[in-house]
Amino acid sequence: MLVRPLSGRPPKTPLPKGAVDTQMHMYLPGFPALAGGPALPAGALPDADQYRQFMRWLGIDRVIITQGNAHQRNNGNLVTCLRAMGAEARGVAAFGAETSENDLDFLSEAGVIGARIMDLPGGAVGLDELEAVDDRAAARNWMMAIQFDGSDILEHEPRLKKLKSRWVFDHHGKFFSGATPEGPEIAAVKRLIDGGNCWFKFAGVYESSKTGGPGYEDVAALSLAIAEHAPERIVWGSNWPHNLAKTNADYPDDAHLTDTVLGWLPDAAARHRVLVENPERLFGLKPFTHGGA
């Protein structure tokens with residue numbers, strides 16, 4: 001049975017006060033997996049108590065809880081998690097054109113500040129609903145977290161550059177067919193960033209790297225190129241609880257993973273920008289004060 005490590009050697013790279021984990025999932029009892037999505041994570045449900053231990057271990061102060069694919073468009077678990085976490089948490093929900101304004105009001109009151117597009121197997125809302133969700137998000141000044149196979153970004157670029165909402169390209173772009181810093185895919189990411197409302201998320205590097213750990217050199221190269229182009233548009237996420245891991249042998253060392261990915265940033269000022277300032281802008285968070293997002 002998978003047992004998630006929640007303490008141990010802290011990262012050698014200190015996280016600044018106010019650090020935001022912009023990519024993680026949480027699951028509570030009473031919310032089974034739904035048809036169309038994956039199963040719940042292995043092991044004990046990764047709940048609020050576990051995540052608070054994880055926050056203390058890594059030095060995280062604030063968190064964005066992303067709706068898990070297991071629950072598809074039923075955001076009940078997300079809302080319950082936001083209540084359990086309190087003021088330091090905000091949420092990214094999955095919804096489409098069919099969702100009522102009253103339901104969106106309810107999500108907003110619970111702490112939701114964003115919409116999720118996940119155009120990969122098991123995702124609840126795909127790119128076929130991109131513009132409809134963008135309309136709903138922009139009307140509320142919410143952001144969008146968008147995930148697809150980055151190898152197809154040239155096909156999607158014309159639509160993405162028309163988005164009205166602030167949005168983040170998730171999980172290092174997930175270039176499943178590979179990409180290079182000088183290639184057309186990364187040039188497209190840079191153009192979208194230069195459009196003024198696109199960010200790029202460092203999270204889940206192991207999900208698309210072909211070279212693998214511990215260095216993930218292929219994803220590191222393209223992520224560095226984007227960070228050097230627009231350091232003000234990079235955010236970071238732990239990707240806890242690493243839903244793809246089924247056993248402890250599959251489970252990453254979170255302290256080492258944090259050191260690896262944050263080690264791609266040149267100094268403490270850059271880390272403060274990526275972990276504090278950039279997510280505040282993307283997610284519309286207030287400047288950090290102890291105890292709240």
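Q: In which helix is N278 found?

A: In this predicted model, N278 is found in helix α9, which covers residues 268-283.

Q: Is N278 buried or exposed?

A: Burial is read from the relative accessible area, and buried means under 20%. N278 has 2% relative accessibility and therefore counts as buried.

Q: Which residues does N278 touch, not counting residues up to four places away in sequence?

A: N278 touches W199, P231, E232, R233, I234, V235 and R273.

Q: How does one describe two packed helices?

A: The description uses the angle between their axes and the distance between the axes. Here, helix α5 (residues 153-160) packs with helix α6 (residues 184-194) at an angle of about 10°, and their axes are 10 Å apart. Angles under 35 degrees count as roughly parallel, and α5 and α6 are therefore roughly parallel to each other. The crossing in which α5 passes α6 is left-handed.

Q: Which residues meet where α5 contacts α6?

A: From α5 come I153, L154, E157 and L160, and these meet P184, E185, A188, V189, R191 and L192 of α6. By class, the residues of this contact between α5 and α6 are 7 nonpolar, no polar and 3 charged.

Q: Why may residues three or four places apart in a helix point the same way?

A: An α-helix has 3.6 residues a turn, so residues with that spacing point the same way.

Q: At what angle do the axes of α6 and α7 cross?

A: The axes of α6 and helix α7 (residues 217-229) cross at roughly 30° and come within 10 Å. That angle makes α6 roughly parallel to α7. The crossing of α6 past α7 is right-handed. In α6, the residues I186, V189, K190, I193 and D194 meet L222, A225, I226 and H229 in α7. The contact of α6 with α7 divides by class into 6 nonpolar, 1 polar and 2 charged residues.

Q: Which residues of helix α2 are buried?

A: In helix α2 (residues 76-85), the buried residues are N77, L78, V79, C81, L82 and M85. They pack against the helices α1 (48-58) and α3 (101-110), and against the strands β2 (62-66), β3 (89-93) and β4 (112-118). After α2 comes G86, whose phi is positive, near 80°.

Q: How many disulfides does the structure hold, and is C81 buried or exposed?

A: A disulfide is read from the distance between two cysteine sulfur atoms. The structure holds 0 disulfides. C81 has 0% relative accessibility and so counts as buried. C198 is buried as well, with a relative accessible area of 1%.

Note on methods
Residues are numbered from 1 along each chain as its sequence is written. This is a predicted model: local features need pLDDT of at least 70, side-chain atom pairs count only at pLDDT 80 or more; totals for chains, interfaces and linings use all residues. Side-chain values use heavy atoms; hydrogens and water are left out. Axes are lines fitted to C-alpha atoms, for helices over the stretch in contact, and angles run from 0 to 180 degrees between N-to-C directions. Helices (H or I, at least four residues) and strands (E, at least two) are DSSP runs, numbered from the N terminus. Angles under 35 degrees count as roughly parallel, over 145 as roughly antiparallel, 65 to 115 as roughly perpendicular and the rest as oblique. A crossing is left-handed if the near helix is turned anticlockwise from the far one by less than a right angle, and right-handed if clockwise. Contact means heavy atoms within 4.5 Å. Ala, Val, Leu, Ile, Met, Phe, Trp, Tyr, Cys and Pro count as nonpolar, Asp, Glu, Lys and Arg as charged, and the others, Gly among them, as polar. A disulfide is a pair of cysteine sulfur atoms within 2.5 Å. Buried means under 20% relative accessible area, exposed over 50%, partly exposed in between (1.4 Å probe, protein chains only).
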